[in-house]
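Please open the structure in your viewer and keep the selection tool at hand. The tour below moves from one selection to the next.

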Amino acid sequence: SHHAGASLGSTLAVLENAYKRMWGGRWAKAWKHDHHVIGTIRALEITHGDNGWHPHIHCLLIRNSANTLSTTFDMSVDLVMRWEDCVSLSGGVADKIHGVDYRAFDARATEYITKLGMQVIGAVSKWSGISEVVKYPVKMGRKGSRTLWDLLALYMGGDVRAGELWI
């Protein structure tokens with residue numbers, strides 16, 4: 001969790017430390033083995049809004065096993081509990097509602113990740129969990145929050161405070 005008075009550096013330090021704890025050690029190795037996780041792709045996203053800086057991580061877990069409702073539920077519960085512990089050990093606070101948002105995707109994710117980047121002109125694509133990981137530079141802030149790119153654009157338009165936040 002974060003609040004308006006927290007610096008980006010301190011909030012980011014807790015997040016990074018918790019993430020290292022989450023995926024380091026015996027728990028992570030056993031969990032990945034049990035759930036057939038063969039790789040991960042991680043993206044750091046930073047926004048700024050009324051509650052201050054909000055760094056967060058989108059992590060794509062690549063599995064060589066089918067998703068079922070049962071495995072998705074079990075994985076989600078494990079991740080929520082583990083993340084809460086890791087954040088606490090890192091000096092922060094995470095709650096069960098906002099700490100982890102785990103979603104399962106199907107074989108279309110593999111196709112999306114491995115495609116060569118050419119899209120048919122005029123095709124309509126739907127923003128997905130995969131997009132959260134790989135399309136950060138083109139995202140826009142929502143509910144009044146601003147991405148780093150939003151801050152830069154505002155600064156270029158004359159917003160001095162946005163420039164200070166960017167720096």
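Which side chain meets that of Arg161 in a salt bridge? Select Glu164, whose side chain meets that of Arg161 at 3.5 Å, N to O; a salt bridge here is a side-chain nitrogen of Lys or Arg within 4 Å of a carboxyl oxygen of Asp or Glu. Both residues lie in helix α7 (residues 160–166), 3 residues apart, about one turn of the helix, helices (H or I, at least four residues) and strands (E, at least two) being DSSP runs numbered from the N terminus.

This is a predicted model, in which local features need pLDDT of at least 70 and side-chain atom pairs count only at pLDDT 80 or more, while totals for chains, interfaces and linings use all residues. Residues are numbered from 1 along each chain as its sequence is written, and side-chain values use heavy atoms, with hydrogens and water left out.

Next, select Arg42 and Glu16, whose side chains meet in a salt bridge of 3.0 Å, N to O. This pair links distant parts of the chain, with Arg42 in strand β1 and Glu16 in helix α1 (residues 8–23), 26 residues apart. Arg42 is partly exposed, at 34% relative accessibility (buried means under 20% relative accessible area, exposed over 50%, partly exposed in between, with a 1.4 Å probe and protein chains only).

Then go to Asp101 and Arg103, which form a salt bridge with the closest N and O atoms 2.6 Å apart; both residues are exposed.

Finish at His36, in the loop between α2 (25–34) and β1 (37–49), where phi is positive, about 60 degrees, although His36 is not a glycine.
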